[in-house]
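This briefing is intended for a reader who is new to the structure shown below. Please keep the sequence and the model in view while reading the points that follow.

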Amino acid sequence: MANSSTVDVELVRQALATSTLHHGLRVLGDRWTVQLMLGTFMGLKRFDQWHVQLGIPRHTLSERLRTLVQLGLLRPRLYQERPPRQGYHATAKALAMFPQTLMIWQWERQWGERDIALPVRLEHLLCGHGFDPRLVCACCDQELQLQDLQVRLQPNSALAEPDTTGPASRLSTSGAPRMGLGLRVDRWCLMVIAAVVLGCHYFDELAQALGIAPSVLAKRLKGMVDCGLLERSADAQDARRRHYRLTPASRGLLGYMMCLSDWTAHYHLDQPSSIVPVHSPCGQLFKPKVVCSHCAQPVLAWQVQPVYASGQAAPVHAAQAEEVLA
Ligand SMILES: [Zn+2]
Ligand SMILES: [Zn+2]
């Protein structure tokens, strides 16, 4: 990983601004969209289910559903129930997002605040066992350890935005105090985490890399320290400077971030990311693959049976599988 004393903050700024992570988060990283897609993969398919089980306000839900249909991730469908009911199902483009959904389910289970109705367990129909999703290198199949990643930064001018504001400034949202994946993580947090991973550990480095006003950044960093996503300590050389480090909870988000970046690069933008991870053990570009902790096979959306605390199992996504296999 980059070393804070030698970090080229301007390069980090350009790389973050043109990263597929940043673009992916802009499209899909808001709290409700993440929950909606998570719910879809866990068996929800109708407006009232998302509204009641995930607590998504009606107006917000209509708006997000419209956007997801426009993005080609959901498709309206009439389910032949009695009476027939309008619902939505995930397209092949959405099914390719399944690895990041598994990563966020796992993070939620370990670190989230758990006030949304998530499955307590996932069963892998291929091997017939309950499993945890594992992030491995698609090339050498080794489980990812953060220290095994080297990152090359190659700003991609095709993904540059017309304005000159920093990568995080365009992510500001309408002031929802606690929004995001685990209700305490939002797109901002993920960009801050990315900047720290890329070697920015001090306030001035983070402000420059993210292009945000110091007052806003100060509030954000304090919030992240308070909820356990960053650790702050006095710098060994200069006690007035504060040094920021990742915590186990924020390191736990890297799997989601890598899967989202990869999906955005391949299925949404068709552009390489400016942040290029290399897996040291095999020397190849790191391509994320999510496998079953029991049988080590890749986990596909239609081979997972979510089990809820009530003991109720959601239906397997047979309809989606038909579409993909067609
Ligand atoms: Zn590898
Ligand atoms: Zn398995």
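Of the 326 residues of the chain, 40% count as buried, where a residue is buried if 20 or more other C-beta atoms, placed from the backbone, lie within 10 Å of its own, exposed if 12 or fewer do, and partly exposed in between. The model is a predicted one, in which local features need pLDDT of at least 70 and side-chain atom pairs count only at pLDDT 80 or more, while totals for chains, interfaces and linings use all residues. Residues are numbered from 1 along each chain as its sequence is written, and chains are lettered from A and ligands numbered from 1 in the order in which they are written.

**Overall make-up**

- The chain holds 13 helices and 12 strands; helices (H or I, at least four residues) and strands (E, at least two) are DSSP runs, numbered from the N terminus.
- Residues at least 24 apart in sequence account for 69% of the contacts in the chain between residues at least 6 apart, a contact being a pair whose C-beta atoms, placed from the backbone, lie within 7 Å.

- Helix 3 is largely enclosed by the rest of the structure, because nine of its 11 residues are buried.
- Its buried residues are Arg31, Val34, Gln35, Leu36, Met37, Leu38, Gly39, Thr40 and Phe41.
- These buried residues of helix 3 pack against helix 4, helix 5 (58-70), strand 2 (85-90), helix 6 (92-95) and helix 7 (98-111).
- The axes of helix 3 (residues 31-41) and helix 4 (residues 47-54) come within 11 Å and cross at roughly 115°; axes are lines fitted to C-alpha atoms, for helices over the stretch in contact, and angles run from 0 to 180 degrees between N-to-C directions.
- Helix 3 and helix 4 are therefore roughly perpendicular to each other, given that angles of 65 to 115 degrees count as roughly perpendicular, under 35 as roughly parallel, over 145 as roughly antiparallel and the rest as oblique.
- Helix 3 passes helix 4 in a right-handed crossing; a crossing is right-handed if the near helix is turned clockwise from the far one by less than a right angle, and left-handed if anticlockwise.
- Gln35, Leu36 and Gly39 of helix 3 make this contact with Trp50, Gln53 and Leu54 of helix 4.
- By class, the residues of the contact of helix 3 with helix 4 are three nonpolar, three polar and no charged; Ala, Val, Leu, Ile, Met, Phe, Trp, Tyr, Cys and Pro count as nonpolar, Asp, Glu, Lys and Arg as charged, and the others, Gly among them, as polar.
- Gly43, which follows helix 3, has a positive phi, near 110°.

- Helix 8 is largely enclosed by the rest of the structure, because 11 of its 11 residues are buried; among them are Trp188, Cys189 and Ile193.
- Just after helix 8, Gly199 has a positive phi of about 105°.
- In helix 9 (residues 203-210), the buried residues are Glu205, Leu206, Ala207, Ala209 and Leu210.
- The buried residues of helix 9 pack against helix 1 (9-17), helix 8 (187-197) and helix 10 (214-226).
- The axes of helix 8 and helix 9 come within 10 Å and cross at roughly 115°, and helix 8 passes helix 9 in a right-handed crossing.
- Met191, Val192 and Ala195 of helix 8 meet Leu206, Ala209 and Leu210 of helix 9, a contact with six nonpolar, no polar and no charged residues.
- Helix 9 is followed by Gly211, with a positive phi near 65°.

- Three strands form an open sheet in the order 4-3-12, with antiparallel pairing; two strands pair if DSSP finds at least two bridges between them.
- Strand 4 (129-131) and strand 12 (304-307) are the edge strands, each pairing on one side only.
- From one strand to the next, the twist averages 40°.
- Strand 3 (residues 121-124) and strand 4 pair in the antiparallel sense over three bridges, with Glu123 opposite Gly130 in strand 4.
- Strand 5 (residues 133-137) is mostly covered, with four of its five residues buried.
- Strand 5 pairs with strand 11 (residues 288-292) in the antiparallel sense over five bridges, and Val136 stands opposite Lys289 in strand 11.

**Glu231**

- Glu231 lies in strand 7 (residues 230-234) and is partly exposed, with 14 other C-beta atoms within 10 Å.
- Leaving aside neighbours within four places in sequence, Glu231 is in contact with Arg245 and Thr247.
- Glu231 and His243 are 12 residues apart in sequence and 8.1 Å apart in space, C-alpha to C-alpha.

Technical notes
Contact = placed C-beta atoms within 7 Å.
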